[in-house]
Structure formats: structure tokens, C-alpha cells
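Subject: Two-chain model, handover and findings

Dear colleague,

Here is the structure I said I would pass on. My notes on it follow below.

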Amino acid sequence: MIRIPARLQWEIYSHAEGSYPNEGCGLLVGTTDKDKNHTVHAFRPCKNLNMERARDRYLMDPLCQLRVAREFENSPWEIIGIYHSHPDHPSRASQTDTDRAVEIGATVWSYVIVSVRQGKVAGAQSWVLNENEKKFHEEPVVTVSEEGDSK
Amino acid sequence: MSSVTVKIPSPLRPLTAGQSEVKIEGATVREVLQKMDSQFKGFGERVLDDGSTVKRFINVYVNEDNIRDKRELETEVKNGDTISILPSIAGGLGSK
């Protein structure tokens with residue numbers, strides 16, 4: 001499960017809509033509990049460096065990743081997930097998403113995918129990679145208020 | 001020999017017993033990564049292609065410099081430098 005405060009969900013959706021018709025991407029920063037559930041405490045947008053195929057691919061700027069890791073290195077928070085958008089397509093993890101996540105063994109991160117249709121967010125799902133099966137499985141997304149109550 | 005700090009991203013931490021950073025000595029990035037491989041079984045396999053280049057989906061930074069813009073694995077390191085191992089984050093809906 002991944003818990004996302006409503007304010008940060010709004011920031012992510014705004015970034016996805018602002019990136020349309022291209023794919024947007026960014027990092028989710030927060031904590032992981034003993035049951036491997038994630039709670040997001042900060043969102044940092046990153047540049048999509050895939051200029052040639054930005055409408056259906058993303059390549060996150062590694063310098064953004066480096067700087068975000070540094071920003072939070074002395075805090076209890078760390079990178080716990082990746083967000084990217086799918087313009088005019090569902091929020092399901094694609095084969096490309098799966099292949100790239102398997103390559104880096106990203107089993108500890110949540111992959112939040114936002115579907116944007118005609119410039120407006122149409123939905124979002126979160127996925128976790130099972131390395132043995134080499135498949136993404138959907139995980140529940142819980143939107144919480146700033147006070148931490150579930151909605 | 002320089003003493004450097006190697007920052008480990010969370011997907012690779014199972015190989016370093018959960019450590020997020022490791023202090024290690026070396027004169028070049030290659031030496032440092034080879035020592036990491038000696039110390040942590042399987043580390044080299046995840047980061048290097050046959051020991052001669054960095055895997056294409058891994059980025060290695062010395063401080064804020066990508067070693068691909070420097071001298072790759074022969075990039076020299078100084079005392080106090082930080083080497084960051086970063087998995088390349090990519091994907092998208094396109095399949096071809």
C-alpha cells in the first residue's frame with residue numbers, strides 16, 4: 001500500500017497535466033514501514049530527458065535523482081517511489097515500464113502511474129515489482145489528509 | 001589512495017547488508033568499485049558489465065559529475081569524494 005497526502009497527490013497530478021502531451025516523471029520521498037507500506041512525505045518533479053520519444057517514454061534526469069537523494073540524506077525520509085504519466089493511455093504498467101524496472105531490480109519502490117487524457121488526469125494506479133515473476137502487481141493507493149486521516 | 005564514500009541506492013542495499021553508504025579506499029572509480037565487489041558479493045555483477053564498463057542502466061557520479069562525461073571507470077577520485085551509484089529510472093507506455 002502507498003499513502004499519499006492529498007496535497008502531494010494534487011502536485012503530482014498538476015505535474016502530469018503540465019507535462020501533457022509528454023510523459024512527466026518525478027520522485028516520491030517518504031518512509032517505509034515494517035510491512036513494506038510506503039508513506040509519501042514529499043514530491044520532487046524531475047526532467048524527462050527522452051526528447052525524441054517524450055510522448056511515450058521517459059528517462060529521468062539522473063542529476064535530479066542525485067540531488068533529491070542528497071536533499072534527504074540526513075532525514076528519516078528517502079526515495080520510496082517513482083511517478084510517471086501515460087498520456088492518453090491507461091495507468092497500467094507497460095512492458096517497457098516492467099523491463100526497465102527489472103533491469104535495475106527496483107523491487108523496493110512504488111511505481112505510481114498517472115493516466116492523462118486530453119490534458120486532464122483520468123486516474124492513477126500504483127505498482128510494485130515482483131522480481132521473481134518479473135511482473136508488476138497493483139498495490140492500493142490511499143489518499144490521506146494533511147492530518148494523516150484516510151479518505 | 002583516497003578515502004571516498006560510496007552512496008548505495010535502496011535497490012542495491014540488500015547486497016550491502018542494508019548500508020546506505022560505505023567508506024572505501026581507491027585511486028580511481030574502477031578500484032573503488034572492484035573493492036566494493038570484493039567486500040559485497042554480487043555488487044559488481046549488478047553495476048559492471050564484465051568488469052570493464054558500467055552497465056548501461058547504471059549511472060555513476062563522482063560528486064556531481066557523471067563519470068561518462070569524464071574518464072569512465074578511470075576517473076580519479078580524491079580524498080573525501082562521494083561516489084553515487086544511481087539506477088537509471090526509465091520506462092513509459094511505448095513498447096517499440
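Predicted model: local features only at pLDDT ≥ 70, side-chain atom pairs only at ≥ 80, totals over all residues.

A salt bridge here is a side-chain nitrogen of Lys or Arg within 4 Å of a carboxyl oxygen of Asp or Glu. Residues are numbered from 1 along each chain as its sequence is written, chains are lettered from A and ligands numbered from 1 in the order in which they are written, and side-chain values use heavy atoms, with hydrogens and water left out.

Salt bridges

Over all chains there are 15 salt bridges.

Helices (H or I, at least four residues) and strands (E, at least two) are DSSP runs, numbered from the N terminus. In helix α1 (residues 6-19) of chain A, A:R7 and A:E11 are four residues apart, so about one helical turn separates them. They form a salt bridge whose closest N and O atoms are 3.4 Å apart. Both ends are partly exposed: A:R7 has a relative accessibility of 44% and A:E11 one of 26%.

A salt bridge also joins A:R100 and A:E103 (3.0 Å, N to O). These two are three residues apart in helix α3 of chain A, which means a separation of about one helical turn. A:R100 is partly exposed, at 24%.

The interface

Contact means heavy atoms within 4.5 Å. On that basis 33 residues of chain A touch 24 residues of chain B. The two chains bury about 2500 Å² between them, 54% of it on carbon and sulfur atoms; buried area is the accessible area (1.4 Å probe) that two parts lose on being put together, summed over both. A:L66, A:E103 and A:I104 supply 22% of the area that chain A buries against chain B, more than any other three residues.

Five salt bridges lie between chain A and chain B. One of the salt bridges in the model pairs A:R67 with B:E64 (2.8 Å, N to O), and A:R67, A:R70 and B:E64 are linked in a network of salt bridges.

A polar contact is a pair of N or O atoms within 3.5 Å; within protein, one must be able to donate a hydrogen and the other to accept it, and residues adjacent in sequence count only if both atoms are side-chain atoms. On the chain A side, β4 (58-59), α2, β5 and α3 (95-104) each supply at least two of the residues that touch chain B.

Two residues of chain B

B:R56 is in the loop between β4 (53-54) and β5 of chain B and is exposed, with a relative accessible area of 61%. Its side chain makes a polar contact with that of A:E103 (2.7 Å). Beyond neighbours within four places in sequence, B:R56 is in contact with A:R100, A:E103, B:D49 and B:R68.

B:S84, in strand β7 of chain B, is buried at 4% relative accessibility. Again leaving aside neighbours within four places, its contacts include A:L66 and A:R70.

Helix α2 of chain A

In this helix (residues 62-71), A:P62, A:C64, A:Q65, A:L66 and A:V68 are buried. What covers them includes β2 (25-32), β3 and β5 of chain A together with β5 (58-62) and β7 (82-87) of chain B. At the start of the helix, a side-chain oxygen of A:D61 comes to within 3.0 Å of the backbone nitrogen of A:L63.

Aromatic pairs

Rings of Phe, Tyr and Trp (its six-membered ring) pair if their centres lie within 6.5 Å; planes under 30 degrees apart count as stacked, over 60 as edge-to-face and the rest as tilted. Three pairs are found over all chains. The rings of A:F43 and A:Y83 have centres 5.5 Å apart and planes at 75°, so this pair is edge-to-face. A:F43 is in strand β3 (residues 38-46) and A:Y83 in strand β5 (residues 78-87) of chain A, 40 residues apart, and the pair links these distant parts of the chain. A:F43 is buried at 4% relative accessibility, as is A:Y83 at 0%.

Regards

Note on methods: Buried < 20%, exposed > 50% of the residue type's maximum accessible area, 1.4 Å probe, protein only.
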